[in-house]
Amino acid sequence: MKKVMLISIFAIFTACSKTADPIKISKLDKNEYEPEKWKVNYPYEYEGWEKTKDPTPAGKSYYKKGWDTDGKIYDKLSEFPFMSVIYKGWGFGIEYNEPRGHYHMLKDVLDVDSSRRKAGGVCLTCKTPYAQELSQKHGIDYFSKPFDEVHSWIPKNHRELGVACISCHNPEDASLRILNQFTLSKALKKINFDISKATHQDMRSLVCGQCHVSYIIKKDKDMKSVDVFFPWDSSKYGNITIENIIKTIKKDPSHLEWTQAVTGFKMGFIRHPEFELFTNQSTHFKAGLSCADCHMPYVRAGQYKISDHRVMSPLKNGLRACIQCHNQGEDWLRNRVKFTQDRVASLLIKSGNATAKLAKIFERINKEKGVKKIDEKAYLKAKEYYEEAFYRVVFIGAENSMGFHNPQEALRVLSDAYAFALNGEAVLRELSAKAGINIPEKIDLELNKYLSNRGEKKLNFDKSVEIKDPFCKTDF
Ligand code: HEC
Ligand code: HEC
Ligand code: HEC
Ligand code: HEC
């Protein structure tokens, strides 16, 4: 069915280009960053792209309300208070917001608490179409120089321009292409995926995979950023696993980007791994779908059928994309999405709380470390369990679909996280009993301390946006 649709669309396009006024088609420079210039040739795609600046109806999504029409700020730390405990120690523990429309991406980095830009110019990598050019021109300075300095190397009129036509398209014929060679192309090479053999469907996901992936900011011994790369070592295309991501992070101390305040451990981090989770054998990936199939459905524009460039949550635009393949109707589909997301959210909250609790037990034990005799081997074992739990919770917590992109895998990862956290707690309790350290049965996460007054921005915790476990009301 998909094929038939693509063929008929192709037919429409060939027909259009024959009837279009040739004077209106202007030749674009091979480095044409300015979307206004592209607009002349492709007004409908431009219109959709530009609309990503408008708010979207928050009420239509259960878990991805974003920053939208109701005027509230939905931030992850308020939604999932356990995150404020385990992210304490750097920018993510101060301000960590839900995503919103593409148009705002660079502006939002400029507006976020300044601690989030501390890593330097490297932060611009998935926020500006100039990242590839800057990294080529300036080499290591692009990564390590202060954010504001690198930002000032972008031409003045584009210092707030986010993802642009050139990020995903060849100016010559608007075919899909990867602009960020220095990140995605390198990562694909590492997993032996030959881009020249990428299918059209691959490309419809890979353009998104330039940014909707996790990455590591490599540090030198003075904690200056020296590189950015995707932690895909030992993985394969279509099977990038959390296990391999964790192994890559733990492989080298230069991959540990920050020190966690509660435990004192040096840790790595995982960001928005939509591409990894979706392509890891999900039902829809195996059925041949790409990101664009659900986030850029075909729409009618004038006499044409085009890809909707107003990229957003499918729940917020009537699940139009889904209806092209599923005939059960909007309500049924909406309920199926909620069915999955409720289950993932429930396990995310439980495993996240268990991980935060483990961090607080470490905090108590660390205070007594010099005083009491502690079984070092058991301590290190518990630390390993803790790290395994932490990265898995961060992985699903940072992934933006609340599990929908790959429900079975999301639940598998979280149940492992939960088991690791509980094992870690058991080891620490035994260790504490032997060392004569009193660990109370109920651990206070001190959420108010971490949530209100988070740092520079002094954000206040809005309790009304907290996401509660949809099934289990018991406080573990
Ligand atoms: C250049 C990097 C980049 C590329 C390429 C990119 N995105 Fe994004 N995307 C982002 C960033 C950054 C945000 C968050 C923006 C913000 O909150 O200011 C985002 C937000 C989103 C959102 C949330 C929008 C909302 O209304 O809340 C969706 C959905 C999305 N992207 C899907 C996609 C899809 C699908 C593709 C590929 C067709 C894609 N993105 C390509 C960087 C990118
Ligand atoms: C995040 C990536 C991304 C960005 C940014 C983007 N596009 Fe696209 N665009 C796509 C994808 C994916 C398709 C579907 C292509 C396909 O299946 O061949 C597409 C399709 C198109 C097409 C082919 C006709 C159609 O609508 O399917 C044109 C023309 C186009 N885009 C123009 C633009 C213009 C102009 C801009 C900037 C205003 C832009 N695009 C920005 C990803 C992007
Ligand atoms: C089968 C359909 C489908 C496919 C394929 C798909 N998504 Fe999604 N995506 C969804 C749904 C449903 C949600 C949940 C939206 C919600 O809860 O509001 C979502 C959520 C998102 C979000 C968060 C949106 C928001 O408003 O905050 C982003 C970003 C995103 N997807 C990016 C991607 C990327 C990148 C790919 C490809 C690697 C992809 N999606 C593939 C259906 C899909
Ligand atoms: C291009 C076609 C296509 C689109 C678009 C599409 N799906 Fe699917 N969907 C499929 C196929 C094929 C399957 C697998 C069916 C099967 O194996 O029985 C599937 C399976 C599902 C399932 C069952 C999954 C499971 O693991 O049990 C749900 C729920 C679902 N889709 C919801 C959605 C939603 C919601 C959207 C839009 C955000 C969407 N789909 C978009 C083709 C599509």
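A salt bridge, as the term is used here, is a side-chain nitrogen of Lys or Arg within 4 Å of a carboxyl oxygen of Asp or Glu. Lys383 and Glu387 form one such bridge, with the closest N and O atoms 3.5 Å apart.

Colleagues, the structure before you is a predicted model, in which local features need pLDDT of at least 70 and side-chain atom pairs count only at pLDDT 80 or more, while totals for chains, interfaces and linings use all residues. Residues are numbered from 1 along each chain as its sequence is written, chains are lettered from A and ligands numbered from 1 in the order in which they are written, and side-chain values use heavy atoms, with hydrogens and water left out.

Let me stay with the salt bridges. Lys383 and Glu387 both lie in helix 19, four residues apart, about one turn of the helix; helices here are DSSP runs of H or I with at least four residues, strands are runs of E with at least two, and both are numbered from the N terminus. Glu387 also pairs with Lys250, where the closest N and O atoms are 3.0 Å apart. Since Glu387 belongs to helix 19 (residues 376-398) and Lys250 to helix 13 (residues 242-250), this pair ties together parts that are 137 residues apart in sequence.

How accessible are these residues? Buried means under 20% relative accessible area, exposed over 50%, and partly exposed in between (1.4 Å probe, protein chains only). Glu387 is buried at 10%, whereas Lys250 is partly exposed at 34% and Lys383 is partly exposed at 23%.

A further bridge joins Arg412 to Asp416, at 3.4 Å between the closest N and O atoms. Both residues sit in helix 20 (residues 407-435), four residues apart. The residues named so far belong to a network of salt bridges that also includes Glu243, Glu388, Arg392 and Glu409. Across the whole structure, the search finds 31 salt bridges.

I turn now to the metal site. Which residues coordinate the iron atom of ligand 4? They are His284 and His326, each through NE2, at 1.9 to 2.0 Å. Donors are N, O and S atoms within 2.8 Å of the metal (3.2 Å for Na, K and Ca), and sites may look incomplete because water is not among the atoms. The iron site has six donor atoms with angles of 87 to 179°, and is octahedral: opposite donors must be over 155 degrees apart and all others between 65 and 115. His284 lies in helix 15 (residues 283-286) and His326 in the loop between helix 17 and helix 18, 42 residues apart.

Key: Tetrahedral: all angles 85-135°; square planar, octahedral: opposite > 155°, others 65-115°.
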